[in-house]
Amino acid sequence: MFESIDGAMIDWSRAQFALTAMYHWLFVPLTLGLAVIMGVMESLYVITNNDFWKNAAKFWMKLFGINFAVGVATGLILEFQFGTNWSNYSWFVGDIFGAPLAIEGIVAFFMEATFIAVMFFGWNKVGRGFHLASTWLTGLGATFSAWWILVANSWMQYPVGMVFNPETVRNEMVNFFDVAFSPVAVTKFFHTVLSSWIVGAVFVVGVSAWFLMRKREKEFALASMKIASFIGLFAALITAFTGDHSAYQVAKHQPMKLAAMEALYEGGTHEGLTVVGELKIPGMLSVLATRNMEGYVPGINNILLGNYILPDGTQALSVTEKIQRGDKAIAALADFREAKEEGRESDMLQAQDVLDENMSYFGYGYIDNPNDLVPNVWLLFWTFRIMVGLGMYFILFFAMILFLAWRHKLSKTKWMHWIGLWSIPLAYIASQTGWIVAEVGRQPWAIQDLLPVNAAISKLSTGEVQTTFFIFLILFTVLLIAEIGIMVKAIKKGPDMAES
């Protein structure tokens, strides 16, 4: 059904999409995190009638606006690439994948666009209550937008709620609820959004620490650090909880990803969770994957060779057997379409039966080598540990700030100011490594078990993709440098705490 595509072109298309996604994700977490912090500050202004909180909220709102504008630009380019570089993907599952993206564009984006204008320009034109509602609704719109994007991404990890129509050669949605509220989507939403709150909280703490280091805006900086740390600690603890639940779902639906994350080649029962090197926590991987210390966790070789017992009591197929069944599905689809053209109804029904029986392995028919199903183990192993390690660090980081604030020592503890400032890049590293684990771990699948990237790609020349890759690289880098420059200028100017 899908033509053979040059491997170099596939690699460049993947690199281009990764480039766009990673640049875009530099802006999204800060948008989501700052939205909550400025919403809390403006709520305190409405409750206390103290202009201090209004001016504090307006300062962080200014940085939110700068970041939001650049994030929108990169996000639009990202969505266009599904049509330009991944047209087979868009054709094959566009009826399903396009639905959450359409809702995101029509509802969430317009919700943000409507209320963000009131938030920025309505301070002296609308009532306090209405302005506060606009601030929270702007943040809610950004979060609502993230929900639908994450629903689409989760469906790629765990495709549900659809049936394949051999007459159109497309997957069609049959249950919107299953797609929108799958357990993978719900967990990914809370894990991703709350981890974004961490980024926003660390950013506010770091910038506030800079003010303290410069002996400027002491009251504003201390208040901002306290609020950000409360939000950050809450988010960090819940992120750890959702991360545990996410690992359980990965073990259930994407066992190869989990095995690669642990560099586990030969699995077994009572498997330990590797910290680094030979240091392991006994039985912890089995607990994460099965909720049972004696649970069986397959390794990479076990998944390739099959023949182990699955949780439902059936025997796992080898990858070779899955490829054979995928070949049967593809051949049955061709037989169905040929029989339809020639009007052989009985042959159509027979081909339909074979297709239905093997459709769950359809994507394996485009896999040439079983080893192609093993993602980059080294990259996944270390990015997973960086992500988890930094997550634990931020729990201690926020707890320490709150402790120092409680002891009234936060303004005098200079070493904590330096840690706060230099923790900003660590927050972005943690956020980016999380997405690397999620997306690289799914490879070679564009849609898990249904469509590999070599069948999802558009038929373009390698040169065309290389050209656009470097155009986007230059464009996004310029935008990033411009945003950093504008933000630094706004931060150096500082909040206008005398403004009423």
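Student: In which strand is Arg170 found?

Tutor: This is a predicted model. Arg170 is found in strand S2, which covers residues 170-173.

Student: Is Arg170 buried or exposed?

Tutor: The criterion is the relative accessible area, with buried meaning under 20%. Arg170 has a relative accessible area of 15%, and therefore counts as buried.

Student: Which residues is Arg170 in contact with, once its neighbours within four places in sequence are left aside?

Tutor: Arg170 is in contact with Trp91, Phe92, Gly94 and Asp95, and also with Val163, Phe164 and Asn165. Val163 is found in strand S1. With a relative accessible area of 41%, Val163 is partly exposed. Apart from neighbours within four places in sequence, Val163 is in contact with Arg170, Asn171, Glu172 and Val174.

Student: How far apart are Val163 and Phe52 in sequence and in space?

Tutor: They are 111 residues apart in sequence, and their C-alpha atoms are 56 Å apart in space.

Student: Where does Tyr393 lie, and what is it in contact with beyond its neighbours within four places in sequence?

Tutor: Tyr393 lies in helix H13, residues 377-406. Its contacts, with those neighbours left aside, are Ile419, Ser423 and Leu426. Tyr393 counts as partly exposed, because its relative accessibility is 26%.

Student: How is the packing of two helices described?

Tutor: Two packed helices are described by the distance between their axes and the angle between those axes. In this model, the axes of helix H2 (residues 51-84) and helix H7 (residues 218-253) come within 11 Å and cross at roughly 75 degrees. Angles of 65 to 115 degrees count as roughly perpendicular, so H2 is roughly perpendicular to H7.

Student: Which residues make the contact of H2 with H7?

Tutor: From H2 come Phe52, Trp53, Ala56, Phe59 and Trp60, while H7 supplies Glu219, Phe220, Ala223, Ser224 and Ile227.

Student: How is the length of helix H11 read?

Tutor: The span from the first C-alpha to the last is set beside the span expected at 1.5 Å a residue. Helix H11 (residues 319-342) has 24 residues and reaches 35 Å, close to the expected 34 Å.

Student: Which residues of H11 are buried, and what do they pack against?

Tutor: The buried residues of H11 include Val319, Lys322, Ile323, Gly326 and Ala329. Ile330, Ala332, Leu333, Phe336 and Ala339 are also buried. The buried residues of H11 pack against strand S1 (162-165), helix H10 (300-305) and helix H12 (345-358). Just after H11, Gly343 takes a positive phi of about 75 degrees.

Student: What is the omega of the peptide bond from Gln443 to Pro444?

Tutor: Omega is near 10 degrees, and the bond is cis. Pro444 is found in the loop between helix H14 (414-440) and strand S7 (445-447).

Student: How does the radius of gyration of the chain agree with that of a compact globule?

Tutor: A compact globule with 500 residues would have a radius of gyration near 23 Å; the chain has 25 Å, which agrees. The C-alpha atoms fill a box of roughly 80 × 50 × 40 Å along the principal axes. There are 16 helices and eight strands in the chain, and 51% of its 500 residues count as buried. Of the contacts with a separation of 6 or more, 78% join residues 24 or more positions apart.

Key: Residues are numbered from 1 along each chain as its sequence is written. This is a predicted model: local features need pLDDT of at least 70, side-chain atom pairs count only at pLDDT 80 or more; totals for chains, interfaces and linings use all residues. Side-chain values use heavy atoms; hydrogens and water are left out. Axes are lines fitted to C-alpha atoms, for helices over the stretch in contact, and angles run from 0 to 180 degrees between N-to-C directions. Helices (H or I, at least four residues) and strands (E, at least two) are DSSP runs, numbered from the N terminus. Angles under 35 degrees count as roughly parallel, over 145 as roughly antiparallel, 65 to 115 as roughly perpendicular and the rest as oblique. Contact means heavy atoms within 4.5 Å. Buried means under 20% relative accessible area, exposed over 50%, partly exposed in between (1.4 Å probe, protein chains only). The expected span of a helix is 1.5 Å times one less than its number of residues. The radius of gyration is taken over C-alpha atoms; the globule rule is 2.2 Å times the number of residues to the power 0.38.
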